[in-house]
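Subject: Structure for your files, with notes

Hello,

Here is the structure I said I would pass on. My notes come after it.

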Amino acid sequence: MLTTSLLALLLGVAQGPADTLRLADALLLARRANPTLAAARAAAVAAAARIGPAGAWPDPELQLGLMNRMAGDFGSTADPMTMNQLQVMQMLPWPGKLGHARAAARHIAAAQGAGVGEQERMLAARVQMAYYDVAYADRALSVMRRTLELLRNFRDVATEMYATGSGAQQDALRAQVEVARMSEEFTRMEQDRLAGGLRLNALLGRAATSTVGALELPDSSADTLPSVDTLIAWAESRRPALAAGRERVAAAETSLAGARLEILPDLRLGFAYQQRPAFPAMVSVMVGVNVPLFAGARQLAARREMAAMRDMSQAELLDLRNETSAQVVELRARAEQDRNLARLYRTSVLPQARASVDAALAGYRVGRVTFMQLIDDQMTVNRYETESYRLAADYQQALGELEALVGRAVEALP
């Protein structure tokens, strides 16, 4: 007959581990300490610092000179043309050139700022992937631990029954095989849990040796997701990567407008004061412009480059928009599938499998069901329960990726 502990294992329901680290806390830690995000923020600060210099005038030039000295008598000041000269030159770019350069730098800085938002969203999705991998592993290990204890009890009972001549050797041998197989799966899942904890610690900016306690895994089988059209509209208007792409297009168009002005000459103004030791001082005023004699190799080539950069940024934005829409559709379908399957497992498959175990137990007691069939039915329940946890974790991971794409939290509809 079955031992009391074995009956308890057969009829018991695995309980998930207590939650010790909430997802919101993990996301807050990642935003504060993740080095990749810190690097993105620093890049945005650097881009913003380039706006001022991009629209600033070139530095003036100051020259000091000893003019028209006699080679044979350098210190002589007898010649009327001998003078000490102070000269100042300032280059004035053609109107609009600096304005376009400043506007382009402003758009690039805005793109970098939006890129920080995209990094935050993608980091949150990666944290959720690692977080729910560990949460699933915890619950799978709980089921496997109970299954392994069940198999060891069965092995002991089957071995004892075979030793007393009331059981078959086949049951004892198969029990040993099942214990070995489940021990191997348990070891692999422990390694998966360890690897998931290491990934999570890295994303949170913590030491690899930091302890990752049990994590939460909410039941979302009753959620109803927003429609595909709603999600795509959210992504189009709120995804930071698309906003960054639009800013890069604007920067390229502004740079092209500035490149069209490069062929126009810049004005150079100069003033010189000439102090003559033996004669009255003199002043000079100079005006000059640069002459674009090599426009074909310089200004026009730069214009073609800016036009190509604009076309490239427009194509990249279109590709990103199309890819975003496709990913939104795919992730919503995946989340909906996981939610529906999880609901099916919890409301239909698992109750029926547990009812089958109850029936098998009743049949075993009257000798109509073999001990091995009873164990097979219970292990089927354990597999379904493990799969329900996997579906729940996958749903949360898909939701995290979806939120990264649409640029906002995806609140489940009532």
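The notes below go from the overall layout to the sheet, the cores and a few single residues.

Please keep in mind that this is a predicted model. The mean pLDDT of the protein chain is 86, and 89% of its residues reach 70 or more. Where pLDDT is low, the predicted coordinates should not be read in detail.

Overall layout

The protein chain has ten helices and four strands. Along the sequence they follow the pattern α-α-α-α-β-β-α-α-α-α-β-β-α-α. Of the 414 residues in the chain, 39% are buried. Among contacts with a separation of 6 or more, 81% are between residues 24 or more positions apart.

The sheet

The four strands form an open sheet in the order β1-β2-β3-β4, with antiparallel pairing. At the edges are β1 (61–67) and β4 (282–289), each of which pairs on one side only. From one strand to the next, the twist averages 20°. Strand β3 (residues 267–275) pairs with β4 in the antiparallel sense over eight bridges. For Leu269, the bridge partner in β4 is Val287.

The nonpolar cores

The largest nonpolar core has 41 residues. Val127, Tyr131, Tyr132, Met189, Leu200, Leu215 and Leu217 have the most contacts inside it. Helices α2, α3 (35–49), α5, α6 (169–203) and α10 (371–406) each supply at least two residues of this core. The most come from α5, which gives 18 residues. Leu200 touches Val127, Ala130, Tyr131, Val212 and Leu215, leaving aside residues up to four places away in sequence. Another core lies apart from this one; it has 14 residues, including Leu225, Leu331, Tyr395 and Leu399.

Helix α2

In helix α2 (residues 23–33), the buried residues are Leu23, Ala26, Leu27 and Ala30. Seen down the axis of α2, these buried residues fall within an arc of 100°, so they line one face of the helix.

Two single residues

Where is Gly96 placed? Gly96 is in the loop between β2 (83–92) and α5 (97–163). Why is Gly96 classed as partly exposed? The relative accessible area of Gly96 is 33%, and partly exposed covers the range between under 20% (buried) and over 50% (exposed). Gly96 and Glu262 are 166 residues apart along the chain, and their C-alpha atoms are separated by 9.8 Å.

Asp229 is in helix α7 (residues 228–238). Asp229 counts as exposed because its relative accessibility is 62%, and the cut-off for exposed is over 50%. Asp229 and Ser325 are 96 residues apart in sequence, while their C-alpha atoms are 9.4 Å apart in space.

Regards

Note on methods
Residues numbered from 1 in each chain as written. Predicted model: local features only at pLDDT ≥ 70, side-chain atom pairs only at ≥ 80, totals over all residues. Heavy atoms only, no water. Buried < 20%, exposed > 50% of the residue type's maximum accessible area, 1.4 Å probe, protein only. Arc of directions from axis to C-beta. Pairing = 2+ DSSP bridges. Axes fitted to C-alpha atoms, helices over the stretch in contact; angles between N-to-C directions. Core = buried A, V, L, I, M, F, W, Y, C linked by side-chain atoms within 4.5 Å. Contact = heavy atoms within 4.5 Å. pLDDT = per-residue confidence, 0-100.
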